[in-house]
Amino acid sequence: MKSSIIVPVQDPTPFSPFSPEDGLEINLARVSEAGYDGVELAITNPGRIDIAKVKKLLKQYNLVMPAITTGQAYGIEGLSLTSSDKEIRDRAISRIKGHIRLAQEFGAVVIVGLLRGRGESEDAKKFLIEALEICASFNDEVRLVLEPLNRYETKLINTVDEALEVLGEIGRENIGILFDTFHANIEEISIGKSIQKAGNCLFHIHIADSNRWAPGYGHLDFKEISEAICAVGYKGFCSLEALPKPTPQKCLRESAEYINKL
Ligand code: LER
Ligand code: MN
């Protein structure tokens, strides 16, 4: 299994052992040294990214960028694809288009996690489908991934079944599913069966244990998970998105070993 880890670039995230204040170069050096194959950058505003510099650093540290995380624009700026305010929806769509332009440079998938909002507006699902249609047709060559999130973060798309229903409405090949083991542990009846259902729509994976600590520190069955991932022929990355527990150092190093062994 190819491994990657989330590195925040502009604003902090609780789900990474890294802090943006340390700078991208130092953080990528640490990622590479710990044994990861790739890095998933958490980017609030893609317009402020120096593409040439990121390419140079990835090359220097022998890393690739399989995915871009976008949810900070919701947490920090309140952008949402399903807001009842059309201006906010339009700004969220423009932001995703910026991520798509950036993703094309790196062959990364663009994650639609919390940028879809908490699903509170009555028309949330309709707005989500409209927004994803616009974003997926913006550039056929870039893949988007819709991430089922647990009910305490959003009411909108908690399970693989719900995500597949939305993908069916959109009917485009460049949109698939990001499967996050932490959310699935809360929402799915069977983790293995839900991976099986995602099938060839499985485009990206986030890894954390049941308590969102590094894998191996909770009670998730990663043998079952890795068997299900292999059975659907998934060849992409497993990206660590965990609290920096039990310690940032252990989380960083032991997770790379854990994922690389899967
Ligand atoms: C995003 O990938 C995610 O899993 C969310 O739980 C972040 O809030
Ligand atoms: Mn996730």
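This is a predicted model: local features need pLDDT of at least 70, side-chain atom pairs count only at pLDDT 80 or more; totals for chains, interfaces and linings use all residues.
Visitor: Is Asp221 buried, exposed or partly exposed?
Guide: Buried would need under 20% relative accessible area, and exposed over 50%. Asp221 has a relative accessibility of 41%, so Asp221 counts as partly exposed.

Visitor: How far apart in space are Asp221 and Asp209?
Guide: In sequence, 12 residues separate Asp221 and Asp209. In space, taken from C-alpha to C-alpha, the distance is 8.9 Å.

Visitor: Which residues are the protein donors of the manganese ion (ligand 2)?
Guide: The donor residues follow the sequence spacing E-x32-D-x25-H-x34-E. Their donor atoms lie 2.0 to 2.2 Å from the manganese ion (ligand 2). The residues are Glu147 (OE), Asp180 (OD), His206 (ND1) and Glu241 (OE).

Visitor: What is the arrangement of the donor atoms around the manganese ion (ligand 2)?
Guide: Ideal angles for six octahedral donors are 90 or 180 degrees. Around the manganese ion (ligand 2), 6 donor atoms subtend angles of 70 to 174°. The arrangement is therefore octahedral.

Visitor: Are Glu147 and His206 buried or exposed?
Guide: Among the donors of the manganese ion (ligand 2) are Glu147 and His206. Glu147 is in the loop between strand 5 and helix 6, and His206 is in strand 7 (residues 202-207), 59 residues apart. Both Glu147 and His206 are buried.

Visitor: How many salt bridges does the structure hold?
Guide: Side chains of opposite charge can pair when their charged atoms come close. One of the salt bridges joins Arg172 and Asp140, with the closest N and O atoms 2.8 Å apart. The structure holds 14.

Visitor: How many residues apart in sequence are the parts that Arg253 and Glu33 tie together?
Guide: The side chains of Arg253 and Glu33 form a salt bridge, with an N to O distance of 3.0 Å. Arg253 lies in helix 10 (residues 248-261) and Glu33 in helix 1 (residues 24-34), so the pair ties together parts of the chain whose separation is 220 residues.

Visitor: Which helices hold Glu105 and Lys55?
Guide: The side chains of Glu105 and Lys55 meet in a salt bridge of 2.7 Å, N to O. The pair links distant parts of the chain, 50 residues apart. Glu105 is in helix 4 (residues 86-106), and Lys55 is in helix 2 (residues 51-60).

Visitor: How do helix 6 and helix 8 run, parallel or antiparallel to each other?
Guide: The axes of helix 6 and helix 8 (residues 191-198) come within 10 Å and cross at roughly 10°. Angles under 35 degrees count as roughly parallel. Helix 6 and helix 8 are therefore roughly parallel.

Visitor: Which residues make the contact of helix 6 and helix 8?
Guide: From helix 8, the contact is made by Ser194, Lys197 and Ala198. From helix 6, the residues are Val160, Asp161 and Leu164.

Note on methods:
Residues are numbered from 1 along each chain as its sequence is written. Chains are lettered from A and ligands numbered from 1 in the order in which they are written. Side-chain values use heavy atoms; hydrogens and water are left out. A salt bridge is a side-chain nitrogen of Lys or Arg within 4 Å of a carboxyl oxygen of Asp or Glu. Helices (H or I, at least four residues) and strands (E, at least two) are DSSP runs, numbered from the N terminus. Donors are N, O and S atoms within 2.8 Å of the metal (3.2 Å for Na, K and Ca); water is not among the atoms, so sites may look incomplete. Four donors count as tetrahedral if all angles lie between 85 and 135 degrees; four count as square planar and six as octahedral if opposite donors are over 155 degrees apart and all others between 65 and 115; anything else is irregular. Buried means under 20% relative accessible area, exposed over 50%, partly exposed in between (1.4 Å probe, protein chains only). Axes are lines fitted to C-alpha atoms, for helices over the stretch in contact, and angles run from 0 to 180 degrees between N-to-C directions. Angles under 35 degrees count as roughly parallel, over 145 as roughly antiparallel, 65 to 115 as roughly perpendicular and the rest as oblique. Contact means heavy atoms within 4.5 Å.
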